[in-house]
Amino acid sequence: MSTETAASPSSSVSTHILDTSIGRPAEGVAISLSARTGLDGEWAALGGSATDADGRCKDLPALPEGTTHVRLDFETETYFSNKHSAEKQAEAQQDAPRVRDSATFFPEVAITFAVNPGEHYHVPLLLNPFGYSVYRGS
């Protein structure tokens, strides 16, 4: 008997991103959602979206029946490359070193987590050019 649980069609995922280098929501970050069934299952791309002006992404597709693991991929390099001039001023005031002529040390962030049937998963990302933190929100 397997100890893995499978998500029902009513399971869902949402996320939001706060750019902690400026203390504001991160608008326009592209996000893709993938899912698999079991530890050895193949990842299936389910779709994607981008964060709105409030840094939220509420329109990700529902998880298919049988989903046991989910992966959110955040395209962070494009976001940091396209930051507004006021945000670039805030970055210039930091004492943090530049990393390889790049706007960010982490060009992408991939978060993988396990899911249970029928639950909603809100996964906030706290992001800055040199680090990130993630947690299960409510």
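Select strand β1 (residues 12–19) together with strand β8 (residues 120–122), and you will find that three bridges join the two, which run parallel. Strands here are DSSP runs of E with at least two residues, helices are runs of H or I with at least four residues, and both are numbered from the N terminus; two strands count as paired if DSSP finds at least two bridges between them. Within this pair, show S12, which stands opposite H120 in β8.

Before going on, note that this is a predicted model, in which local features need pLDDT of at least 70, side-chain atom pairs count only at pLDDT 80 or more, and totals for chains, interfaces and linings use all residues. Residues are numbered from 1 along each chain as its sequence is written, and side-chain values use heavy atoms, with hydrogens and water left out.

Between β1 and β2 lie the four residues of a hairpin, where you can pick out G23 in the turn, with its positive phi of about 70°.

Now colour β1 by burial, where buried means under 20% relative accessible area, exposed means over 50%, and partly exposed lies in between, with a 1.4 Å probe and protein chains only. Six of the eight residues of β1 are buried.

Then select V13, I17, L72, F74 and F113, which touch the most other members of the largest nonpolar core, a group of 23 residues. Such a core is a set of buried Ala, Val, Leu, Ile, Met, Phe, Trp, Tyr and Cys residues joined through side-chain atoms within 4.5 Å. The elements that give two or more residues to this core are β1, β3 (30–36), β6 (69–74), α1 (76–81), β7 (109–114) and β9.

What does V13 touch, leaving out residues up to four places away in sequence? Its contacts, meaning heavy atoms within 4.5 Å, include L33, L72, F113 and, from the pair where the tour began, H120.

Finally, show the whole protein, which has two helices and ten strands, and trace its elements from the N terminus in the order β-β-β-β-β-β-α-α-β-β-β-β. Of its 138 residues, 38% count as buried.
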